[in-house]
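Please have a look at the sequence and the fold below.

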Amino acid sequence: MERLSIKTPDDFISLMGHTLGYWPKESLVFITLDNRRIGSTLRVGLPASGMDTNQYVQRVVKYIANDHEATGVVFGLFTPAPWEPMDDRPYEDFMEALTGELSKHNIKVRDGWLIDDTSFTDYFQLIPDPQARTSLEDIKTSQLNAELVFRGSSIEPGPGFRVPILARRDLSEEVFKHCIRIESMTPPVATAKARKLWGGLLDGADLPTDAQSAELLADFKFISVRDRLLADIPGLEDNLGDLLLGQTKRPPHWQRVDRAQEVLLHLYTRADGADTAPILTSLGIIQWWEGKGSRAHQCFLHALEADPSYRLAQLSDQLVGAGIIAPWAMDKNSAYQPPMSRDRRIEGMGMA
């Protein structure tokens, strides 16, 4: 596997943005370290005023310690909170409690940075120097950032999930006809037919025709068929519930998941009204599998705008709101990596 060096704070902060796919707000982002190698990335929202600090720290430590090979972490504290000379560091009490708790797990906080909308500075400097802040624009010149951009990665301004805005074809009549057909079939027969079409598309490279799109939009409206099609996405033979909850022992085939997302986005451009709810919810579940809770939440909100009573979107959004992360995303050996990073390894160099 190709190795890319990470040598400077610019490189680490750039990696945070590229791994998340966007610049977070009011967030704490951790990168775990295993000696000289980079592990997993975790983003959590900063603790709200009045929140139980101990409970919050325990939850964060649980997420970090799930990387059993981690021996250290670096962090980025993304907030525009001011830090003037002689002031306490932003969230200093929380960070001290977190550092102490991590040490009980033999995980050392190796470095950290305070990052606002335009610049960053060393979180551990004794006296903050406003003149010593580094512009985020300078990150664009880092060697790691240049390499990741060359490989097709990018950092968006925010976490919003982008769905295509295209002129939609009105397939509602065809979708309705397929619903009538499915209702006349036994559930096993209807599911088998849907799986054959869905599997062929996931294994292929072409986008579905309008006829195929109408058939799949109808398939996703039936709960038992929808759940089976969702469970087919990872390309694993396993318990249906474990597949939907992202907790199988083997990692999913992420290229197949990427392909499913491509097909679902195309279906979305052919759907209308309540027919979009199952598709947007399915897209949200994929985002959740990948550890992108903010984007998953956006998908579920859009689904509920289309159909306020859509139960799977309601339950899935409650899952995300409770801070529950898909097990796949919590294990660096199974966690999602963007296509550009699947065939390379990043190593830490010159760590303090």
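## A residue and some helices

Asn145 belongs to helix H4, which covers residues 143-150. Keep in mind as you read that this is a predicted model. With a relative accessible area of 8%, Asn145 falls under the 20% cut-off, so this residue is buried. Its side chain makes a polar contact of 2.8 Å with the side chain of His18. Setting aside neighbours within four places in sequence, Asn145 touches Ser14, His18, Ile139, Lys140 and Ile155.

Now for a pair of helices. At what angle do the axes of H6 and H10 cross? The crossing is at roughly 110°, and the axes come within 9 Å. H6 is therefore roughly perpendicular to H10. The crossing of the two is right-handed. The residues that make the contact are set out here:

| Helix | Residue range | Residues in the contact |
|---|---|---|
| H6 | residues 187-203 | Trp198, Leu201, Leu202, Asp203 |
| H10 | residues 254-268 | Arg256, Arg259, Ala260, Val263, Leu264 |

Sorted by class, the contact of H6 with H10 has 6 nonpolar and 3 charged residues, and no polar ones.

Both helices turn up again around H8 (residues 223-232). Of the 10 residues of H8, 8 are buried, so this helix is largely enclosed by the rest of the structure. The buried residues are Val225, Arg226, Asp227, Arg228, Leu229, Leu230, Ala231 and Asp232. What covers them includes H6 and H10, along with helices H7 (210-219), H9 (240-244), H11 (276-289) and H13 (311-321).

How values were computed:
Residues are numbered from 1 along each chain as its sequence is written. This is a predicted model: local features need pLDDT of at least 70, side-chain atom pairs count only at pLDDT 80 or more; totals for chains, interfaces and linings use all residues. Side-chain values use heavy atoms; hydrogens and water are left out. Helices (H or I, at least four residues) and strands (E, at least two) are DSSP runs, numbered from the N terminus. Buried means under 20% relative accessible area, exposed over 50%, partly exposed in between (1.4 Å probe, protein chains only). A polar contact is a pair of N or O atoms within 3.5 Å; within protein, one must be able to donate a hydrogen and the other to accept it, and residues adjacent in sequence count only if both atoms are side-chain atoms. Contact means heavy atoms within 4.5 Å. Axes are lines fitted to C-alpha atoms, for helices over the stretch in contact, and angles run from 0 to 180 degrees between N-to-C directions. Angles under 35 degrees count as roughly parallel, over 145 as roughly antiparallel, 65 to 115 as roughly perpendicular and the rest as oblique. A crossing is left-handed if the near helix is turned anticlockwise from the far one by less than a right angle, and right-handed if clockwise. Ala, Val, Leu, Ile, Met, Phe, Trp, Tyr, Cys and Pro count as nonpolar, Asp, Glu, Lys and Arg as charged, and the others, Gly among them, as polar.
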